[in-house]
Amino acid sequence: PQLCQNTQLWHNKPCYDGEMRCNSSWPGQCVLERRKCDGIAHCRDASDEVCPSKKTSTNTTYCEQPDYVICNNRLECVHQDLWCDGYLNCQDGSDEDEAVCGTDSCITPFVDNKNNPRFSTSAT
């Protein structure tokens, strides 16, 4: 019990080579880097499923991984299952925006002629 109460010890625990640290929900939790952005949450806070967005040569921002939705800030992509789940995953909070989550809308992907994923909302 004494050791478990010292969460600072666990937060400072280093991850091994090839691992990444999860954000905050589980002190000191590390997962394999190769599991980042694979569509399966390995971190208890799902922080391994928040991925950087990509840019084309014309500065169009998109999500590289299928089933990921770009946040309003255009900086990161979050797996569609994490949208409207009650937890802020996008830095700007757009994955919990009441305009999308407070209605009977769902997030549906569509692909433009350059095969870059973009997203819109549509009623169910």
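In what order do the 3 strands of the open sheet lie? The order is 3-7-6, and the pairing is antiparallel. Please bear in mind throughout that this is a predicted model.

Let us go through the sheet strand by strand. Its edges are formed by strand 3, residues 50-52, and strand 6, residues 68-70, each of which pairs on one side only. From one strand to the next, the twist averages 35°. At the level of residues, Y68 has H79 in strand 7 as its bridge partner.

I turn now to a single loop residue. G102 is found in the loop that links helix 3, residues 98-101, to strand 8, residues 105-111. Is G102 buried or exposed? G102 counts as exposed, because its relative accessibility is 61%. Along the chain, G102 and C84 are 18 residues apart, and 8.6 Å separates their C-alpha atoms.

Finally, a word on confidence. The protein chain has a mean pLDDT of 76, with 69% of its residues at 70 or more. Over residues 108-124, however, pLDDT stays under 50. The model has 33 contacts beyond four places in sequence for residues 108-124. Where pLDDT is low, predicted coordinates should not be read in detail. I would therefore ask that this caution be kept in mind when viewing such coordinates. Thank you.

How values were computed
Residues numbered from 1 in each chain as written. Predicted model: local features only at pLDDT ≥ 70, side-chain atom pairs only at ≥ 80, totals over all residues. Heavy atoms only, no water. Pairing = 2+ DSSP bridges. Helix = DSSP H or I, 4+ residues; strand = E, 2+ residues; numbered from the N terminus. Axes fitted to C-alpha atoms, helices over the stretch in contact; angles between N-to-C directions. pLDDT = per-residue confidence, 0-100. Contact = heavy atoms within 4.5 Å. Buried < 20%, exposed > 50% of the residue type's maximum accessible area, 1.4 Å probe, protein only.
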